[in-house]
Amino acid sequence: MSVFRTHVLLPVDEGTAQAGVFEVKRRLEKELNARQLLDEVKVLESGSVGIVGKGVILAVYPDRIYYFNVREEDVPRIIDEHLLKGRVVAGLAHAPIATMGAAKAAARGAKVGLTREQRRIVLDKAWTVDPENIDEVLAAGGYKGIEKIFTDKIQPEAVIEEIKRSGLRGRGGAGFPTGMKWEFTRKAPSAAGRTASGGEKFIICNADEGEPGTFKDRLILEGDPHRLIEAMTIAGYAIGAGRGFVYIRGEYELSIERLRKAISQARKYGLLGKNILESGYSFELEIRKGAGAYVCGEETALIESLEGKRGNPRVKPPYPVTNGLWQKPTAVNNVETLANVPAIMANGAEWFRKIGTDKCPGTKVFTILGHVEYPGLVETDMGTPLREIIFGYGGGIRGGKKFKAALLGGAAGVFLSERLLDVKMDYESLKENKAVLGSGAVLVMDEETSIVDMLFSIAKFFAHESCGQCVPCRIGTHQILDIIYRVRQGKGREGDLETILALAEAMFRSSLCPLGQSLVMPVRSALENFKDEFAMAIGHAGKS
Amino acid sequence: MKRDKILKQYEGTGDNLLAVLHDMQDANPEHYLSDDDLRAAADYLKLPYSFVYGVATFYTMYSLKPRGKNLIRVCQSPPCHLLGSSTISLELIRLLGVGFGETTPDKLFTLEMTSCLGVCGVAPAMMINKRVYGNLTKERIAEVIEGLRRAQ
């Protein structure tokens, strides 16, 4: 590997691609070549930095200088001034990422913006290495986790013990302890199934990210696919699985392509496949592409889909840990959950426990959306107050308006009012406040937003995504949609709100899977926290 | 012929159904699955035709009707809704003269709705074929549609 004095990173995602990142890259390479700088300056495509709506982003390392909204014609200036003379191009550059907050602080008296300091574990390499180059990943510390396991001959039970001690909990929404899930799967007896031969177990990564407002898994997959491969290998080793599947939603073209490339590189390097690192352990990893069904994010529906069927959820119990894919013991973990595993194995459970809260150690990736100054994504400590996420990282409400509500956790989430702005963002604290962390999406609404209209949008989403298998969800979602539609049009009747709530609660008690069970969360929280607005909508303001 | 080639890449087990349907649809210039496609998949994977039909109609990415050259998918999930996706939808309906699930008579555009595309940072957003368009306004939509029409 040659040594470059400077690295120029170009984060590639849908936004920057649209803004012309590839044109900028071509120009950059052309201009560097003309100045014979190609062996000094390395240009590479990285994963998204989580900053959106700022056009093409160009980062210069080790200087940690960020340029936003870069156009092709800016390239010669950046090269001549910055890369040759070491002078940051004023007017184009933004402050270094960690001290961006400080720069803004002077102006605003507070630390704001997505470029303020974050703590990154799962996205640690996602914007500093070329995700399509395994050498860079290895140089940056990739695959240290499995290296440690196989060099120190750590037994599968000890891996599970380490994950249990770390306190890692599922990041898909439910927050179930990962180590326990693995232990159940490892200990489950594997009876002979219908299709596959006996004795098999499976590890599945749930990358069917469909919760509205969530794109954390996409950024992990696009930015650091090797981390997921390493994590799946560790998980497979721990539970005793020889095969793993990554189920990715069909719309995530770039994620699929990057992971596919990463798998073939890992295989070439002996990090995947037969006898990994001479350990005697063999593991095969396959990608399976979804075809557009929100319900397949539910683990048993996902398993059905993986088997090539309609994504209808199964009745639980039995749970996948005993009766999963082809009725074999199966652990299903979310992308973000798994992405924590390599770092835990490399650095130890104690290190992980020092981050976040006592009951929810580690970090969480939050997507900040809606009426905020800086929409995007941050990874920060579990337990960070909501206020800091919205006003610190998100930069507050855009256009100088006032905060009205935040929808936490996506469509299957909870509406919070200003009263709960100081809640800590971890499973326990949110539960105490009748809220959920869900996928980590934070949709912010300003004072002009109609909560009735937002609840209508959510009801529409659920009615569209209900798989139709069980009656309460199939009928209930449409009934609720019809009523909210009427209320939104100003044709609400007395008793409508009580009916909506009763329907949602009945769905919670009787639906087969979390899809039907969770509509009650946005419904109840909207009706409770924004009571007056709904009362007004049906013309009974002040009466209740 | 093309169909056989696709099928042969897979083992004849039922779990490959989704992948087979994806590949067949991608190979079709009209972006859909024909009845012959479904029957071929059923035969090869040893599944009942009704089962294959059930799967093909369950998932939103598959279509059993021919679709236009440009597949427009408008995100209507709550984050895009909050930032005005209904205005965007209405504007598209007005410009194209077709509703959701329909194709223009010149077979140039098919309008569909989609759940979250995962690009909420640039909401409201839509996807045309494999490209995402974000921060949409009425003007931007007119520009994009006009551009695609002129590209003919």
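This is a predicted model: local features need pLDDT of at least 70, side-chain atom pairs count only at pLDDT 80 or more; totals for chains, interfaces and linings use all residues.
Chain A contains 22 helices and 14 strands. Along the principal axes, its C-alpha atoms occupy a box of roughly 75 × 65 × 40 Å. The radius of gyration of chain A is 24 Å, which agrees with the value near 24 Å for a compact globule of 544 residues.

The domain assignment separates chain A into domain 1 (6-94), domain 2 (134-353), domain 3 (363-446) and domain 4 (451-537). Between domain 2 of chain A and domain 4 of chain A, the C-alpha centres are 35 Å apart. Nine residues from domain 2 of chain A and eight residues from domain 4 of chain A form the contact between these domains. On the side of domain 2 of chain A that touches domain 4 of chain A, six residues are nonpolar, two are polar and one is charged. For chain B, the assignment gives domain 1 (2-58) and domain 2 (70-150). The C-alpha centres of domain 1 of chain B and domain 2 of chain B are separated by 28 Å.

The contact between the chains involves 42 residues from chain A and 33 residues from chain B. On the chain A side, two or more residues each are supplied by α1 (14-19), α12 (299-306), β10 (363-370), β14 (441-446) and α17 (451-465) of chain A. Helix α17(A) provides the largest share of this side, five residues. In composition, the side of chain A that touches chain B comprises 16 nonpolar, 16 polar and 10 charged residues.

Two packed helices are described by the angle between their axes and the distance between the axes. In chain A, the axes of helix α18 (residues 471-488) and helix α19 (residues 496-510) come within 10 Å and cross at roughly 160°. Because angles over 145 degrees count as roughly antiparallel, α18(A) is roughly antiparallel to α19(A). The crossing of α18(A) past α19(A) is left-handed. From α18(A), the contact draws on A:Pro472, A:Cys473, A:Gly476, A:Gln479, A:Ile480, A:Ile483, A:Ile484 and A:Val487. The residues contributed by α19(A) are A:Asp496, A:Thr499, A:Ile500, A:Leu503, A:Ala504, A:Ala506, A:Met507 and A:Ser510. Divided by class, the contact of α18(A) with α19(A) consists of 11 nonpolar, four polar and one charged residues.

Terms used. Residues are numbered from 1 along each chain as its sequence is written. Chains are lettered from A and ligands numbered from 1 in the order in which they are written. Domain bounds come from an automatic or database domain assignment. Two residues are in contact if their C-beta atoms, placed from the backbone, lie within 7 Å. Ala, Val, Leu, Ile, Met, Phe, Trp, Tyr, Cys and Pro count as nonpolar, Asp, Glu, Lys and Arg as charged, and the others, Gly among them, as polar. Helices (H or I, at least four residues) and strands (E, at least two) are DSSP runs, numbered from the N terminus. Axes are lines fitted to C-alpha atoms, for helices over the stretch in contact, and angles run from 0 to 180 degrees between N-to-C directions. Angles under 35 degrees count as roughly parallel, over 145 as roughly antiparallel, 65 to 115 as roughly perpendicular and the rest as oblique. A crossing is left-handed if the near helix is turned anticlockwise from the far one by less than a right angle, and right-handed if clockwise. The radius of gyration is taken over C-alpha atoms; the globule rule is 2.2 Å times the number of residues to the power 0.38.
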